Amino acid sequence: MKDYLGQVTLLRLLAVLALVMAPHAAFVPLWETAALAALLGWRTLAALRQWALPGSLVRVMLTMGAVAGVFASYGNINGQQPGTALLALMAGLKLLEMRSR
């Protein structure tokens with residue numbers, strides 16, 4: 001039996017993630033801020049409207065796109081700025097696979 005994450009708990013988690021990531025918006029590329037907002041919005045709507053979460057192929061493609069985008073923006077994925085950018089995107093992507101506690 002799976003222990004599913006409650007809707008109220010998930011919405012609180014999404015709000016906290018948005019608050020934590022908001023100060024970083026001024027220091028990361030615009031596309032990353034838009035991507036993170038889209039991921040948060042997608043997960044919020046999925047929780048509220050009971051949508052199915054994306055499959056593993058979609059998640060892998062989004063992850064590869066995030067890594068490629070950070071690499072294209074910074075020239076590598078090592079270092080403080082690219083690492084922070086990648087961490088922010090991975091936190092957003094983690095929401096798309098989080099079904100249970």
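Which residue forms a salt bridge with Glu97, with the closest N and O atoms 2.6 Å apart? Here are some notes on that and on a few other places worth a look while you have the structure open. Please keep in mind that this is a predicted model.

1. **The partner of Glu97.** The residue is Lys94, whose salt bridge with Glu97 has its closest N and O atoms 2.6 Å apart. Lys94 has a relative accessible area of 45%, so it counts as partly exposed. Glu97 also counts as partly exposed, because its relative accessibility is 35%, and buried would require a value under 20%.

2. **A second bridge at Glu97.** The side chain of Glu97 also meets that of Arg59 in a salt bridge, at 3.9 Å from N to O. This pair ties together distant parts of the chain: Arg59 belongs to helix α3 (residues 56-74), while Glu97 sits in the segment after α4 (80-94), 38 residues apart. If you check the N to O distance of 3.9 Å yourself, remember that the cut-off for a salt bridge is 4 Å.

3. **The whole set.** How many salt bridges does a search of the whole structure find? The search gives two. Through shared partners, the salt bridges join Arg59, Lys94 and Glu97 into one network.

4. What does Glu32 touch, once its neighbours within four places in sequence are left aside? Its contacts are Ala85, Ala88 and Leu89.

5. **How α1 and α2 pack.** Two packed helices are described by the angle between their axes and by the distance between those axes. For helix α1 (residues 7-21) and helix α2 (residues 30-49), the angle is about 170° and the axes are 10 Å apart. That angle makes α1 roughly antiparallel to α2, since anything over 145 degrees falls in that class.

6. **Who meets whom between these helices.** On the α1 side, the residues are Gln7, Leu10, Leu11, Leu14, Leu17, Ala18 and Met21. They meet Leu36, Leu40, Arg43, Thr44, Ala47 and Leu48 in α2. Sorted by class, this contact has ten nonpolar, two polar and one charged residues.

7. **A closer look at Leu48.** Leu48 has its place in helix α2. Beyond its neighbours within four places in sequence, Leu48 is in contact with Gln7 and Leu11. Is Leu48 buried, exposed or partly exposed? Its relative accessible area is 47%, so Leu48 is partly exposed.

8. **Gly69 in α3.** Helix α3 holds Gly69. With a relative accessible area of 15%, Gly69 is buried, because that class takes in values under 20%.

9. Val20 is found in helix α1 and is partly exposed, with a relative accessible area of 47%. From Val20 to Pro82 the C-alpha distance is 17 Å, for a separation of 62 residues in sequence. Ala37 is found in helix α2 and counts as partly exposed at 47% relative accessibility. Ala37 and Ser56 are 19 residues apart along the chain, and their C-alpha atoms are separated by 21 Å.

10. **A backbone angle to check.** Gln50 has a phi near 60°, which is a positive value in a residue other than glycine. Where is the place of Gln50? Gln50 is in the loop between α2 and α3. Gln50 is exposed, because its relative accessible area of 62% is over the 50% cut-off.

How values were computed. Residues are numbered from 1 along each chain as its sequence is written. This is a predicted model: local features need pLDDT of at least 70, side-chain atom pairs count only at pLDDT 80 or more; totals for chains, interfaces and linings use all residues. Side-chain values use heavy atoms; hydrogens and water are left out. Helices (H or I, at least four residues) and strands (E, at least two) are DSSP runs, numbered from the N terminus. Buried means under 20% relative accessible area, exposed over 50%, partly exposed in between (1.4 Å probe, protein chains only). Axes are lines fitted to C-alpha atoms, for helices over the stretch in contact, and angles run from 0 to 180 degrees between N-to-C directions. Angles under 35 degrees count as roughly parallel, over 145 as roughly antiparallel, 65 to 115 as roughly perpendicular and the rest as oblique. Contact means heavy atoms within 4.5 Å. Ala, Val, Leu, Ile, Met, Phe, Trp, Tyr, Cys and Pro count as nonpolar, Asp, Glu, Lys and Arg as charged, and the others, Gly among them, as polar.
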